[in-house]
Amino acid sequence: MPPSIWPARLDPTISFANYSTYHLHPATLLTLTEPSAADALSKLSQYRHLDMVNYASFIIPTEDELKQVFERAEASLPNGCSAQDLVCDIEPRRRPYVLRSLAWLCKLGLLQF
């Protein structure tokens, strides 16, 4: 292994080389992991109290936007729904932000690839 530039920390490309990665595309199929949209919203409300979640409150979609996403995902159960379909009811200027948040919802375990 090459010497580190900063010996206290590994290069992130080395540190996280074994982590799985996947790029979210509009056609990516996502599935709701909870039995219903209401269950997903309830779990998310619990997560919002965590420091790893609430620090980003200014970029997290609104409660109404998340409800729309979860309800569309629930309607497609047991199958997945494309990312672009999950955000199709969102106001056009807000879609890019909500689309980006789908990966965050996967990290929280509320949606899955």
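Predicted model: local features only at pLDDT ≥ 70, side-chain atom pairs only at ≥ 80, totals over all residues.
View 1. Ser36 has a relative accessible area of 16%, and because residues under 20% are classed as buried, Ser36 counts as buried.

View 2. The side chain of Thr28 reaches the backbone nitrogen of His25 at 2.8 Å. When neighbours within four places in sequence are left aside, the residues in contact with Thr28 are Tyr22, His23, Cys81, Ser82, Ala83 and Phe113. Of these contacts of Thr28, Cys81 is itself buried, with a relative accessible area of 7%.

**View 3. The sheet formed by S2, S1 and S3.** Strands of a sheet pair through backbone hydrogen bonds, in either a parallel or an antiparallel sense. Here three strands make an open sheet in the order S2-S1-S3, and the pairing is antiparallel. S2 and S3 are the edge strands, each with a single partner strand, so one side of each has no neighbour in the sheet. S1 is joined to strand S2 (residues 81–82) by two bridges in the antiparallel sense, and in this pairing Leu29 stands opposite Ser82 of S2. S1 is also joined to strand S3 (residues 111–112) by two bridges, and these two strands again run antiparallel. Within S3, Gln112 is the bridge partner of Thr31, while Leu111 is the bridge partner of Leu32.

**View 4. The largest nonpolar core.** In soluble globular proteins, nonpolar side chains tend to be buried together. The largest nonpolar core of this model has 25 residues, and those that touch the most other members are Leu44, Phe70, Leu86, Leu102, Leu105 and Leu111. Two or more residues of this core come from each of S1, H2, helix H4 (63–75), helix H5 (83–86) and helix H6 (95–107). The element that gives the most is H6, with five residues.

View 5. The whole structure contains five salt bridges, and three of them are described here. Arg94 forms a salt bridge with Glu65, with the closest N and O atoms 2.8 Å apart. This pair links distant parts of the chain, since Arg94 lies in the loop between H5 and H6 while Glu65 lies in helix H4, 29 residues apart. Both partners, Arg94 and Glu65, are buried. The side chains of Arg72 and Asp89 also meet in a salt bridge, at 2.9 Å from N to O. Arg72 belongs to helix H4 and Asp89 to the loop between H5 and H6, so this pair ties together parts of the chain that are 17 residues apart in sequence. Arg72 counts as partly exposed, at 30% relative accessibility. A further salt bridge joins Lys67 to Glu71, with the closest N and O atoms 3.9 Å apart. Both of these residues lie in helix H4, four residues apart, which is about one turn of the helix. Lys67 is partly exposed, with a relative accessible area of 38%, and Glu71 also counts as partly exposed, at 38% relative accessibility.

View 6. A disulfide is a covalent bond between the sulfur atoms of two cysteines. The count of disulfides in this model comes to zero. For Cys81, the nearest cysteine sulfur is that of Cys88, at 7.4 Å, and Cys81 is in no disulfide. Cys81 is a buried residue, with a relative accessible area of 7%, and Cys106 also counts as buried, at 15% relative accessibility.

Note on methods: Residues numbered from 1 in each chain as written. Heavy atoms only, no water. Buried < 20%, exposed > 50% of the residue type's maximum accessible area, 1.4 Å probe, protein only. Core = buried A, V, L, I, M, F, W, Y, C linked by side-chain atoms within 4.5 Å. Pairing = 2+ DSSP bridges. Salt bridge = Lys/Arg side-chain N within 4 Å of Asp/Glu carboxyl O. Disulfide = S-S within 2.5 Å. Polar contact = N/O pair within 3.5 Å; in protein donor to acceptor, adjacent residues only side chain to side chain. Contact = heavy atoms within 4.5 Å.
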